[in-house]
Amino acid sequence: MLERVLSARRGAHMADEGDEHEGDDSKTKKHLSIAIRITNYFIRTGYLCPILLIATAILLISSLFVRPRDLLCVSSISSFDRLSRNRFFGLDGLESDFGSLGVPWCRSKDGKTVDWTSKDLLQGLEEFVPIYESRPIKNNMYGMGFDHSFGLWFIARWLKPDLMIESGAFKGHSTWILRQAMPNTRIISITPRHPEKYLKKGPAYVDGNCTYFAGKDFVDFGSVDWKTVMKKHGVTDLTRVLIFFDDHQNELKRLKQALKAGFSNLVFEDNYDTGTGDHYSLRQICDQFYIQGGGHSCFEDGDEGRARTRRKKFWEKAVDTKELCGPGEVWWGVRGYMRDDFNHSNKPISYTQHFQNSRFVESILDVYWELPPVAGPSLTHQTRYDPARAPSPIVEDGRFGLFQRLGLSRLETSVFNGYTQMVYVQISPKKS
Ligand SMILES: C[S@@+](CC[C@H](N)C(=O)[O-])C[C@H]1O[C@@H](n2cnc3c(N)ncnc32)[C@H](O)[C@@H]1O
């Protein structure tokens, strides 16, 4: 029996740019604790034990000569060491308080899932790393990092669409990824500023087999006359089209527009967690009390509140109860708001509306699959997203040999910081 990737999910059992990005703090950013790096290096090289023994001996000898007051800074260093070691080994409660936070999930109509397995993802990773290393845009700050680049490449290559449409191209990194997955397939790229404009300042990618709805030809995805465009491109079967959204628009709005045009295969790059991000996402919509791990408590002294406070110390993007909840204990969306268009628009929504949105989404969903992070945080050294709110990684913590064999250890650590639960969905109209 195929080991379905879905089963790897923990929750199941337990600017142009500049200004447009002001609300989006989720993309690749360099951040690394030097102490963790050093600790991990010594662990891998096997020097940790001798070094600890020598350090302990020095401490013991010096304690005979130094007054206790002088040891204050030494004791604070050792407690930090303990903390970073615990983080490295996943002992900071990664698993233990997972249950009280959980990972919400969108239910599909008939419980269908994807065809690919964890083994397929691992094979894909091995193939993708050298491709990623040859990317033209090395610094893609505000664009996709490694995890989502891999996810998009994998999905496009697996589905082998007849046409690929992207909304939100920035300097063209995602266009390049789509091209690597499907070398001869036509692309339509919708983005306000043509990627060629970036070429003046530095690396960018402009594709030769792509129709750009950009610059003066820009039309928002929701306003394109898709019937005419599909006819022009010779597409008769819309199920053979893959749409990639990385335009920071309300995903409920995009879902309705795609459904209306008759498309069924969609990827959303930024599937933000509840309380974060600059647009209403599928992950937020499906965060409901009736879903395992969904629904939240605004009680700061409750189990969830305490778990959140603890996790906030470890993960930059984790949100504590104060950040999660607005006045009147509104926690859905972002503090009770449905954000849109890089948070240039935001509207308060009632819980009833939020609940109805999830029922609507479920009524049209055939498949919902969140890309897992490529590897655990002790391997990637990412410190931004909370692994307790993500599916289990493709390469689990502790599997450094595999991480290295796949070539992942050759990549700069900052490329692993941009994970935001990219999701692949298949939709079809509700059954009457
Ligand atoms: C996060 S960037 C895309 C990054 C790109 N996919 C990558 O991986 O490098 C978001 C892009 O969406 C564009 N954008 C803004 N509003 C848009 C809209 N209504 N439709 C399409 N793109 C839009 C922005 O100009 C920006 O280029």
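The largest nonpolar core holds 84 residues, and among them Ala-156, Met-164, Leu-178, Ile-243, Leu-266, Val-267 and Val-425 touch the most other members. Such a core is a set of buried Ala, Val, Leu, Ile, Met, Phe, Trp, Tyr and Cys residues joined through C-beta atoms within 7 Å. Helix H6 (residues 146-159) gives the most to this core, with eight residues.

This is a predicted model, in which local features need pLDDT of at least 70, side-chain atom pairs count only at pLDDT 80 or more, and totals for chains, interfaces and linings use all residues. Numbering runs from 1 along each chain as its sequence is written.

Leaving out residues up to four places away in sequence, Val-425 touches Leu-266, Leu-282, Leu-365, Val-367 and Tyr-368; contact here asks for C-beta atoms, placed from the backbone, within 7 Å.

Now to the ligand. Around it sit 25 residues, of which Gly-143, Gly-168, Phe-170, His-173 and Ser-174 come nearest (near: C-beta atom, placed from the backbone, within 6 Å). The shell divides as follows.

| Class | Residues in the shell |
|---|---|
| Nonpolar (Ala, Val, Leu, Ile, Met, Phe, Trp, Tyr, Cys, Pro) | eight |
| Polar (the others, Gly among them) | nine |
| Charged (Asp, Glu, Lys, Arg) | eight |

Helix H7 (173-181) and strand E2 (186-191) each supply at least two residues of that shell. Helices (H or I, at least four residues) and strands (E, at least two) are DSSP runs, numbered from the N terminus.

Finally, Gln-356 lies in helix H14 (residues 351-364). Gln-356 counts as exposed because it has 12 C-beta neighbours inside 10 Å; the cut-offs within 10 Å are 12 or fewer other C-beta atoms, placed from the backbone, for exposed, 20 or more for buried, and partly exposed in between.

Definitions and conventions:
Two residues are in contact if their C-beta atoms, placed from the backbone, lie within 7 Å.
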